[in-house]
Amino acid sequence: PGLHRQHGKQGGGSKGIYAKLTVVVVVLLICTFSVFFSATISGNRGSLEPSEINVEELWESAKSGGWRPSSAPRSDWPPPPKETNGYLRVRCNGGLNQQRSAICNAVLAARIMNATLVLPELDANSFWHDDSGFQGIYDVEHFIQTLKYDVRIVESIPEIHKNGKTKKIKAHQIRPPRDAPISWYTTVALKKMKEHGAIYLTPFSHRLAEEIDNAEYQRLRCRVNYHALRFKPNIMRLSESIVDKLRARGHFMSIHLRFEMDMLAFAGCFDIFSPEEQSILKKYRKDNFADKRLVYNERRAIGKCPLTPEEVGLVLRAVGFDNSTRIYLAAGELFGGERFMKPFRDLFPRLENHSSVDSSEELVANTRGLLGSAVDYMVCLLSDIFMPTYDGPSNFANNLLGHRLYYGFRTTIRPDRKGLAPIFIDRENGQTAGFEQAVRRVMLKTNFGGPHKRVPPESFYTNSWPECFCQMSPSNPADKCPPDNVLEILESQLENEVNRDLEALMETNSTRRTEI
């Protein structure tokens, strides 16, 4: 050090100052570049994982990335031939939305086997006690007309008239294996169909594998789910009336509050209830589900328990919604009653359901039936934001998530129950510091409704991207949108098929006259 100081005093001052200035400039340049580089990285990361959630943006649809919904065929898709291998009957069990998925599978199964589909039967649901049937919920004419390029559909198996006698075809009953592969339908099922002329598959919930390596088959499922399955006009009118009344007062969010007896019993989440309530849940579980060891703390820690109404409210508050937010509740009877609902209502007092918005006799008379579920489905589909509180085994939530994605990437808020569980547990133990920030960090990692890769166990009915979406200028040719005149092409193919059938019939009649 002494030598350096002495050197500075001996006429080398200008060089020393220059050296120091050079070091300062270099340091400044490095710092400037570092700040710029950090900002660039943060900006790029922010577009994927923003540090904050913009509530105003959530009221709009998610970014599409140039994708648009499209379930029309993109390769050769011949119309169903006049001569089929037989008739296919199915019984769709479960609730409204479980039945909806089964109907999609039934149409695909009929296409695979070259069968004539008999209008699917809807199970008289044991929970809703509703036997409306397909004709009571869906627009039958629209269903048949929309799928005319894909399968032949009849309302019932026709009688056979031969040699002056009338004969009824009795469908051979088969119990399909769960998630059966296509090969089962083209071998076992098809063989029985050819033997008996008709088969009856029952039950038909989850009886065809979801993941199929055939994009055209998957697009057929989407055509059924998002185009052919339209509710009857009276249900559509009721739904639109409710949405119009809600929309007249601005944005609104819909929440599927899955805090009902059947789901709580299924999940095995009992400990937060009174002894009497626990007895009810345990009895329901014993009567309806397989015996299984279930420990509440373990179930909750891995995200297997539905969020309580209060937890739903706390998530929304942490995300940034205030008490002026208008919320439509799609839910059955809340288990535990007002004791669980009050904390949520204190946070968000502007709550509605279909009865409070529309008290018409038609709706009031059917609030616990399939009609009420159908109306809730449509209101949730058309809402600005949809939030399921338990989208694991919930067919209502899963179908809605998929439908809203197809409907234009409409915003969804999907709480990560497993990620949120330790945060809520800490809060219950008195550790409230940083609670909202911790919730936001978990929620920032979730998808808000944009296109994203389907990863098991996510269902195809929850996320049909990319099979049922397309791009006008894709990097992958398989993602290119079909031509605008695709319906004209399909109609032309169908007309040609009909004309060939007529020509064959005329030729047969001409031959018979010649023989006579």
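This is a predicted model: local features need pLDDT of at least 70, side-chain atom pairs count only at pLDDT 80 or more; totals for chains, interfaces and linings use all residues.
**Notebook: pockets, helix contacts and backbone**

Residues are numbered from 1 along each chain as its sequence is written, and side-chain values use heavy atoms, with hydrogens and water left out.

**Pocket**

A pocket here is an open set of points on a 1 Å grid over the protein atoms alone, with protein on both sides within 12 Å along at least five of seven lines; a cavity is a set of points where a 1.4 Å probe fits but cannot get out, and lining residues have an atom within 4 Å of a point. Grid points are joined across faces, edges and corners, and a volume is the space filled by probe spheres set on the points.

I listed 18 lining residues for the second largest pocket, with S71, T146, R223, H227 and L487 nearest its centre. At least two lining residues come from each of α6 (140-146), α8 (215-228) and α21 (486-515). Helices (H or I, at least four residues) and strands (E, at least two) are DSSP runs, numbered from the N terminus. By class I have nine nonpolar, six polar and three charged residues in this lining. Nonpolar means Ala, Val, Leu, Ile, Met, Phe, Trp, Tyr, Cys and Pro; charged means Asp, Glu, Lys and Arg; the others, Gly among them, are polar.

**Cavity**

I searched the whole structure and found one cavity of 30 Å³ or more. The largest cavity has a volume of about 70 Å³. Its lining includes L401, L405, R410, T412 and R414, and also N447, G449, H452, E458, T462 and N463. I sorted this lining into two nonpolar, six polar and three charged residues.

**Helix contacts**

I then took α19 (residues 417-428) and α20 (residues 435-443), whose axes come within 9 Å and cross at roughly 170°. Axes are lines fitted to C-alpha atoms, for helices over the stretch in contact, and angles run from 0 to 180 degrees between N-to-C directions. The two helices are therefore roughly antiparallel to each other. I took the term from the cut-offs: under 35 degrees is roughly parallel, over 145 roughly antiparallel, 65 to 115 roughly perpendicular and the rest oblique. On α19 the contact (heavy atoms within 4.5 Å) uses G419, L420, I423, F424 and R427, and on α20 F435, A438, V439, V442 and M443. That contact has eight nonpolar, one polar and one charged residues.

I next looked at α13 (residues 309-319), whose axis comes within 12 Å of that of α19 and crosses at roughly 105°. That makes α13 roughly perpendicular to α19. E310, E311, L314 and V315 of α13 meet L420, F424, R427 and E428 of α19. I counted four nonpolar, no polar and four charged residues in this contact.

**Backbone**

I found a cis peptide bond from T202 to P203, with omega near -5°; P203 lies in the loop between β9 (198-201) and α8. Another cis bond joins P456 and P457, with omega about 10°, and P457 is in the loop between α20 and β14 (469-470). N114, a residue other than glycine, has a positive phi near 50°. I place N114 in the loop between α4 (96-113) and β3 (116-118).

**Confidence**

I noted an average pLDDT (the predictor's confidence in each residue, from 0 to 100) of 85 for the chain, with 83% of the residues at least 70. Residues 1-15 have pLDDT below 50, and this stretch has two contacts in the model beyond near neighbours in sequence.
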